[in-house]
Amino acid sequence: MMRVIVVGASGRMGRMLVRAVAEAEGAELVGATERPGSGWIGQDAGTLAGVAEIGVAVSDDPGACAEADVIIDFTAPQATLAHASLAAEKGMRMVIGTTGFEPGMLAELRKTLAGVPVVMAANYSVGVNLSLELIRRAAAVLGPDYDAEIFEAHHRHKVDAPSGTALAMGRALADGRGVDLDDVAVYARQGITGPRQPGSIGFVVVRGGNIVGEHKAMFIADEERVEINHVASDRMVFARGAVRAATWLKDQSPGWYDMRDVLNLRD
Ligand code: NAD
């Protein structure tokens, strides 16, 4: 049984995570936190998530939670860094869903968690992770003569762009072509941009309403177009994947893993 702390428990994902842990076999919620000042401090985590009472009160101090095996963290980069220090200090594993890390912060995170078994994924859905593999294969087969564009759409509250999943798709696509995404990515077009650079990978971002997450990789030739499209319609899909990653971590040695490892998708 994996004893789990969900940090950021009243967030859009936090509530789903509490529910997913409560429903999972092999996982048990022993702690839930929110930022100091949240109206949920002291209330039952189950009530917060809209399920039966769990007997775990939401705390503003992750260090004061009951002893746990793993922290599941879908919060914000700065908060995740603080949680990582705690995980390293207390010997807890970590499942990280937070996106929007600047490169320097990501390096710091990896350094802090050097001795910890960690799963970090931009998207915990099984369908998205399968799509990443399909994109990698399509890019290798179709080659750079097919113009590649990545489209993503999310709800109006999302603060980072392009989404972590769109970037993961870009990296999978670049990987399939044997190039580095940083060398070929085009994140914005405005004004007189000139014609499309051969081999570039363009990104298109839409924000609005309550869209849970849509991602599409397009390979566009003069005569045909291949599209690999994923639509998430309920956040529970990410929460279930994250809990699956948490239970998978039980038997892993320290290291940096992603959903390809959890789902055994590596060749
Ligand atoms: P949200 O704003 O609804 O939730 C974040 C929660 O974290 C908030 O309740 C906030 O109060 C809390 N928080 C912030 N700092 C904290 C701290 N120091 N201690 C405790 N709690 C703290 O956001 P969301 O839509 O749930 O998304 C959260 C993150 O997860 C974002 O980075 C988002 O991009 C990412 N996300 C990842 C996936 C995935 O599959 N990897 C899926 C959905 C969202």
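Ala, Val, Leu, Ile, Met, Phe, Trp, Tyr, Cys and Pro count here as nonpolar, Asp, Glu, Lys and Arg as charged, and the others, Gly among them, as polar. On that scheme the shell around the ligand holds 7 nonpolar, 10 polar and 4 charged residues.

This is a predicted model: local features need pLDDT of at least 70, side-chain atom pairs count only at pLDDT 80 or more, and totals for chains, interfaces and linings use all residues. Residues are numbered from 1 along each chain as its sequence is written, and side-chain values use heavy atoms, with hydrogens and water left out.

**Ligand shell**

The ligand is surrounded by 21 residues. A residue is near a molecule if one of its heavy atoms lies within 4 Å of it. The closest are Arg12, Met13, Glu34, Thr99 and Ala122. Helix 1 (12-23) and helix 3 (77-90) each give the shell at least two residues. Helices (H or I, at least four residues) and strands (E, at least two) are DSSP runs, numbered from the N terminus.

Polar contacts are pairs of N or O atoms within 3.5 Å; within protein, one must be able to donate a hydrogen and the other to accept it, and residues adjacent in sequence count only if both atoms are side-chain atoms.

| Residue | Protein atom | Ligand atom | Distance |
|---|---|---|---|
| Ala121 | polar backbone atom | nitrogen | 3.1 Å |
| Ala122 | backbone N or O | nitrogen | 3.0 Å |
| Lys158 | polar side-chain atom | oxygen | 3.2 Å |

The protein covers 80% of the 860 Å² of accessible area that the ligand has on its own (Shrake-Rupley method, 1.4 Å probe; for residues, only the protein chains shown count as cover).

**Ser38**

Ser38 sits in the loop between strand 2 (27-33) and helix 2 (45-49). Ser38 is buried, at 17% relative accessible area. Buried means under 20%, exposed over 50%, partly exposed in between (1.4 Å probe, protein chains only). A polar side-chain atom of Ser38 lies 3.0 Å from the backbone nitrogen of Trp40.
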